Amino acid sequence: MKLTRRDFTAGLAVGITAPYAIRSARAQAATLKIGMCVPVTGPAAEQGLWAQNGAKLALAAVNKAGGVLGKQVELVIEDDQTTNPGIVLAFSKLAAQPDIVAFLGSIRSTQVMAMAPDVLKLGKPVMIGGTNPDLTHMGNPWLFRFRPNDSYSGRVIADFGVNTLGKKKWAIVHSTDAFGTAGGKALSDALSKLGAPPVLDQGYANQSQDFTPVVLAVKQSGADVLGTYFTFENDLGIFARQLRQLGVTIPWVGSPSVVAVSSTKLAGPALYGTFGVADYAEESGDAPRAFGKSYRETYKTAPDIQSAWTYDAVTILSAAINKAGSTDPTKIREAILALKKFPGAEGEYNFDQNGDGLHGYNVVRNEKGMIVFDKHIEFND
Amino acid sequence: MACGKAINNRRPKILLPGISMDLALQLLFTGIGIGAVYALVALGFVLIFRATNVVNFAQGEFSMVAAYLMVVFAVDLGWPYWLSFLLALAGMALLGAIFNLGVYYPLRHRSFLPVIIATIGASILLSNSVLAIYGPQPQVLEGWFETPGIQLGPVYLDSQYLLIIAVTIVLVIFNYWFFEHTMLGKKLQATSQDKEMASLLGISVSTMIMITFIYSAVLGGLAGILVAPVLFVSIQMGSTIALKAFAATIIGGFGDVTGAIIGGLALGIIETFGAAYISVPYKDGFAFLVLVAFLVFRPQGIFGERVAEKA
């Protein structure tokens, strides 16, 4: 047989690439992949970093304990650019990889809403942190929520403000995105049920540079308590400072962003004395305490919800796949829904048929920059 | 100021007329303050446009980079505030020079479009470089003054906004003096009006353009450093301000320094009052509505010449 130049070149190419191809194939078989859509760029890039930290911390623990179905677990990260088109693109990139068995979606409801049709089409489990109640009530069986939804946060804020603080004249300030609108409505509904309908319901657009008109509206409303749903800590920081500068000192009970690590740092004394509902509160139980300790040791900073929910999502997803004994999406779904009394960083998980894992909130307060656990309020529905 | 009465139907809330004078004054002060920030960045847009006939879409990123330089020098390294300020501005001058040599100069003989695209590319490069180096966490930069503000009757005057307004006034005077009463200023003006003629008169056009880029980068940086204590230091801070500053430039008249200042202030006041009287969520909408109205009915802006003619 005559060896032509073409044969030689082809042989050389195969010889060079074969070890890589074999190694790659072996690596693919040896790991179990979880896709993660997370903001690496854009306004929520900071939140995205926290989310990655939480997921990676859980991943290390899962792999140290033997992995899932005897394989090491690998996280495949795609940047969602903090935009709706960004997350749709990121998810479609991940969905095109058939060896990814499940996904972590966004903490932002508006992004989950954007990717939801593609999730339904793909038919694989997606863990989410968005708290708009509708997300798990729109007939999509593949979304599993690792945070309590805003029907709970609204009720807890209202209950705490009305019954514990004794305040009945509420001003609500909320973002006009999906999260803020749903949260504001949930709070408004809860207040109405308690006989204290809000005197002001004020929306604002994200990434505002100035909140003077909002603060003046609060001041003019005569409210004696403030309830808020802010999406971005930057916005919250600017609002908090202007609120105090313009002399508004009424009690403030807010959604989790009020007590986020970043808000506490940015707003400083402007947030002292505020109350917030938080799914993650380090002192609320043994599992949150253990997570807090592990997170501090690894990242040298305090964790918050941004990292706690992804930590729980990876931990619970891994446990569910192990329990299912398979990567079949339907079996994973059944295994997640069957989880009861599972201790997580965010609390005890009891998944309902809608895919909601948590059904209560902690109330925490900002004591001179330290976030202190006050009480936990759990619901049975 | 009546507000938020239509609670149950969740429509955007309207602050009805009848707003008190005290609150109107408060809104006016804030509007002028935020407008002054737009004006400072708009000034950078105008100067580069006059010199090169292109819009520099990285002008907002100049503000962001300067604010991060301040954080590095004043917060991370703990150097004195004034020294950090001077070093940050020096850094911006260097960035302006590099920007000119790397982005504008190689494309100077091409039409305006490749240069504009290059400035957009540079803007993405700058923001992502800072993201890669510094991470996504927003940073806190303390203001110049220990007192956060003063209460003057019913109006609270934020000391940082007072400083921004003062700097804007000083810069308006400085620009007038510089461009009208100094030889360098006149050379810059001559270059922006007719490069060939300026060249024939012995003016080094490339040097003048270099000076323009350096000055614009320093101006943008100054705006960033001044506004950082109010808006915090984040990767997005530049693009958010630049978008409004760009609108201010068109409203004021592209190519006109006075127009940029008036446009910036007008925009700040319009959006603040629009938010208070009509709707907070549509605050940005008012700014861009005014922009569209100008583009349709008076594309040359208040003072300037037609954009189409310039382009």
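1. Read along the sequence, chain B runs α-α-α-α-β-β-α-α-α-α-α-α-α-α. That gives twelve helices and two strands in chain B. Helices (H or I, at least four residues) and strands (E, at least two) are DSSP runs, numbered from the N terminus. This is a predicted model, in which local features need pLDDT of at least 70 and side-chain atom pairs count only at pLDDT 80 or more, while totals for chains, interfaces and linings use all residues. Residues are numbered from 1 along each chain as its sequence is written, and chains are lettered from A and ligands numbered from 1 in the order in which they are written.

2. Overall form of chain B. The C-alpha atoms of chain B fill a box of roughly 65 × 50 × 35 Å along the principal axes. Of the 311 residues in chain B, 50% count as buried. A residue is buried if 20 or more other C-beta atoms lie within 10 Å of its own, exposed if 12 or fewer, and partly exposed in between, with C-beta atoms placed from the backbone.

3. Overall form of chain A. Chain A has twelve helices and 14 strands. The radius of gyration of chain A is 23 Å, close to the 21 Å that the globule rule gives for 381 residues, so chain A is as compact as a globular protein of that length. Its C-alpha atoms fill a box of roughly 95 × 40 × 40 Å, taken along the principal axes. Buried residues make up 56% of the 381 residues in chain A.

4. Contacts along the sequence. Two residues are in contact if their C-beta atoms, placed from the backbone, lie within 7 Å. In chain A, 67% of the contacts between residues at least 6 apart in sequence join residues at least 24 apart. In chain B, residues 24 or more positions apart account for 72% of the contacts with a separation of 6 or more.

5. The seven-stranded sheet. Chain A has an open sheet with mixed pairing and the strand order β7-β6-β8-β9-β10-β13-β14. Its edge strands are β7 (200–204) and β14 (370–378) of chain A, each of which pairs on one side only. Two strands pair if DSSP finds at least two bridges between them. Neighbouring strands of this sheet are turned by 20 degrees against each other on average, direction ignored. Axes are lines fitted to C-alpha atoms, for helices over the stretch in contact, and angles run from 0 to 180 degrees between N-to-C directions.

6. One end of that sheet. Strand β6 (residues 170–175) of chain A pairs with β7(A) in the parallel sense over five bridges. The bridge partner of H174(A) in β7(A) is G203(A). Helix α6 (residues 178–193) of chain A packs on the sheet and touches β6, β7 and β8 (225–229) of chain A. The direction of α6 makes about 160 degrees with that of β6(A).

7. Strand β3 and its partners. Four of the five residues of strand β3 (residues 100–104) of chain A are buried. Strand β1 (residues 31–38) of chain A pairs with β3(A) in the parallel sense over four bridges, and G35(A) stands opposite F103(A). β3(A) also pairs in the parallel sense with strand β4 (residues 126–128) of chain A, over two bridges. Here L104(A) stands opposite M127(A).

8. Two residues with positive phi. Q81(A) lies in the loop between β2 (72–79) and α3 (84–95) of chain A, and T82(A) lies in the loop between β2 and α3 of chain A. Phi of Q81(A) is near 60 degrees, and phi of T82(A) is near 60 degrees. Most residues other than glycine have a negative phi. Q81(A) counts as buried because it has 21 C-beta neighbours inside 10 Å; T82(A) is buried, with 24 other C-beta atoms within 10 Å.

9. Where the chains meet. In all, 36 residues of chain A are in contact with 37 residues of chain B. On the chain A side, the largest share, seven residues, comes from α7(A).

Methods:
Rg over C-alpha atoms; globule rule 2.2 N^0.38 Å.
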